Amino acid sequence: MKSLKTLIFGSTFALGLLFSTTVLADSVYTVKAGDTLSSISVEFFGSNNNIEQIAKDNNIKNMHMIFPGQELTIKTDGKTTTPVETSAVTSEPVQEENTYVAPQQETQAAVSSAPATTSSAKEWIAQRESGGDYNATNGHHIGRYQLDPSYLNGDYSPANQERVADQYVAGRYGSWENAQAFWMNNGWY
C-alpha cells in the first residue's frame, strides 16, 4: 500500500511539473532561430520593457544580435507564467527586430518615418542586404532590400520599398522565412 501511495504521489507530482507553467526565479533560456530580445522579454514578462535588463544580465553588448543556442539567464523573480523551451545549438546569428523604443523616446518614435518590420527573417535580410538603410545602393540595386529599380517604378520611399519587398517575397518565396532560408543557402534572395 505504501508503494502504491508513493507511486501515485510521484506520478501526480511529475504530471504537475510537466503541466506547470510557472517559471521561478532565474531561468536559463536557450535562444531559438527567430528569437529576439524583445520576443524573449514579452515571453517572460508580458512586455518588451526588460530588454535592457536581459542584455545587462547576460553581458550582451549588441542588443540587436543574439544567436540560436545561446543560453540566457532570465531573472524573473517568479513574476512569469510562461514555460521555457530549448533548442539545439547552431551558429547562425539571429538579428534583433528594431522595434524596441526607450521610454524617453517613445513619443518621437510614434512619428518615425520608416515603418516597423514585423518579421525577424525580413529584418535579417534587410541587415544583410543594406545594413537596414533605405538609401543604400550597390551600383544597380536600391534600398533596404536591394531591389531592382524597375520593381520600385521610381518611388524609392520607405513605404514603397516595404510594400514592393513584401510583394516580391510573397510571389517568389511565399514567406520571409523561406526567403531567408534561400539567402542562407545562396548568399542572395
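Here are some questions and answers about a predicted model.

Reader: At what angle do helix α7 and helix α8 pack?

Author: Two packed helices are described by the angle between their axes and the distance between the axes. Here α7 covers residues 158–172 and α8 covers residues 176–186, and their axes are 9 Å apart. The angle between α7 and α8 is about 75°.

Reader: So is α7 roughly parallel or roughly perpendicular to α8?

Author: Angles from 65 to 115 degrees count as roughly perpendicular. The two helices pack at about 75°, so α7 is, relative to α8, roughly perpendicular.

Reader: Which residues of α8 make the contact with α7?

Author: Let's take both sides. On the α7 side you'll find A165, D166, V169 and R172. Over on α8, the contact is made by W176, A179 and F182.

Reader: How many residues of that contact are nonpolar?

Author: Sort them by type. Two are charged and none are polar. Ala, Val, Phe and Trp all belong to the nonpolar class, and the nonpolar count is five.

Reader: Is K122 buried or exposed?

Author: First, find K122 in helix α5. Anything under 20% relative accessible area is called buried. K122 has 7% relative accessibility, so it counts as buried.

Reader: Which side chains does the side chain of K122 make polar contacts with?

Author: There's a polar contact at 2.7 Å between the side chains of K122 and E162. Another, at 2.9 Å, links the K122 side chain to that of D166. D166 is also one of the α7 residues in the contact with α8. The partners to remember, then, are E162 and D166.

Reader: What is phi of N59 near, and where is N59?

Author: N59 sits in the loop between α3 (51–57) and β2 (65–66). With a relative accessible area of 65%, N59 is exposed. Its phi is positive even though N59 is a residue other than glycine, with a value near 55°.

Reader: Q146 has a positive phi too, so is Q146 buried or exposed?

Author: Phi of Q146 is near 50°, and Q146 is a residue other than glycine. You'll find Q146 in the loop between α5 (120–130) and α6. Its relative accessible area is 10%, and since under 20% means buried, Q146 is buried.

Reader: How far apart in space are N153 and V164?

Author: N153 is in the loop between α6 (149–152) and α7, and it counts as exposed at 68% relative accessibility. N153 and V164 are eleven residues apart in sequence. In space, C-alpha to C-alpha, they are apart by 9.9 Å.

Technical notes
Residues numbered from 1 in each chain as written. Predicted model: local features only at pLDDT ≥ 70, side-chain atom pairs only at ≥ 80, totals over all residues. Heavy atoms only, no water. Axes fitted to C-alpha atoms, helices over the stretch in contact; angles between N-to-C directions. Helix = DSSP H or I, 4+ residues; strand = E, 2+ residues; numbered from the N terminus. Parallel < 35°, antiparallel > 145°, perpendicular 65-115°, else oblique. Contact = heavy atoms within 4.5 Å. Buried < 20%, exposed > 50% of the residue type's maximum accessible area, 1.4 Å probe, protein only. Polar contact = N/O pair within 3.5 Å; in protein donor to acceptor, adjacent residues only side chain to side chain.
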